[in-house]
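Let's go through this one together and see what each label rests on. Have a look at the sequence and the fold here:

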Amino acid sequence: MKLEIKGHDGPGRFGKLDGEETPIIIDKSKFTIIEDEAVSYDIENEIATWSVNQTIAKAEKIEDKSDKIATIQGSKYVDLRIKCVKALEELGYDKFIIANADDLILHPRDLVELIVNLRQNMNPGSILIFPFGEAQIIPLLAYMGVDGFFDDAGEYYAYLNVLMTPTKNYDLDKYKIYEMTTEELINYNKNTIDLVLREVREHMKNGGIRNLVEERSATSPQYASALRILDKEYTDYVLEYSQLY
């Protein structure tokens, strides 16, 4: 399955993957996530380097890479992340998960720096997947160049009895909005993620993703900070595909 890029709205890309429009919820039943060597985010450089080398070595053993997803390791070191993804691309992989996504969300500067640098150093046809993100941050991630998402966050928050909306998460023990079983809440949350990605795709088609990003980023100080860093420190990246009026 190859990504066919149809166009850009700012740095954000929209296209098709196996006939489905992107950015997209990745159906993990259609792919195999290959084995990697995971380590913590805030770790010594030597251990992160070992993790990258081991991840690459394990990836080399896989023969058929057509339906395989590899993982970009490297912890907090952007140079190691770039080394990892370039080596994996040379091996023939074109679908990649960003490791330590939950840690990156807590570090806005690291998050922006990593995604921008990955996107600038990856092949344009390679798919970048953010595995765990709240609905509010999905528009910003897609705007920066993320192509795919897992909807695991919907299930995770459901087990915490948290309802996800496009703009806010609600602890149902405190906010008695609905009474739901865990299974009902899983479905609701996953539908919320699906809704947000549908919004993202339609805004991209109409050249309005930036408005959606600004609206949703305002729902979180961390996400607002990430957008400010993107605009201030990566202006050329933002403007490269932006429409001029």
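Q: How do you know that β4 and strand β9 (residues 148-149) are paired?
A: Two strands pair if DSSP finds at least two bridges between them, and two bridges join β4 to β9, so they pair. They run parallel, and I25 stands opposite F149 in β9. Strands here are DSSP E runs of at least two residues, and helices are H or I runs of at least four, numbered from the N terminus.

One note on the background. This is a predicted model, where local features need pLDDT of at least 70 and side-chain atom pairs count only at pLDDT 80 or more, while totals for chains, interfaces and linings use all residues. Residues are numbered from 1 along each chain as its sequence is written, and side-chain values use heavy atoms, leaving out hydrogens and water.

Q: Why is α8 called oblique to α9?
A: Angles under 35 degrees count as roughly parallel, over 145 as roughly antiparallel, 65 to 115 as roughly perpendicular and the rest as oblique. Helix α8 (residues 209-217) and helix α9 (residues 221-233) pack at about 135°, so α8 is oblique to α9. Their axes, lines fitted to C-alpha atoms over the stretch in contact, are 8 Å apart, and angles run from 0 to 180 degrees between N-to-C directions.

Q: Which residues of α8 make the contact with α9?
A: R210, V213, E214 and S217 do, meeting Y223, A224, L227 and D231 of α9; contact means heavy atoms within 4.5 Å.
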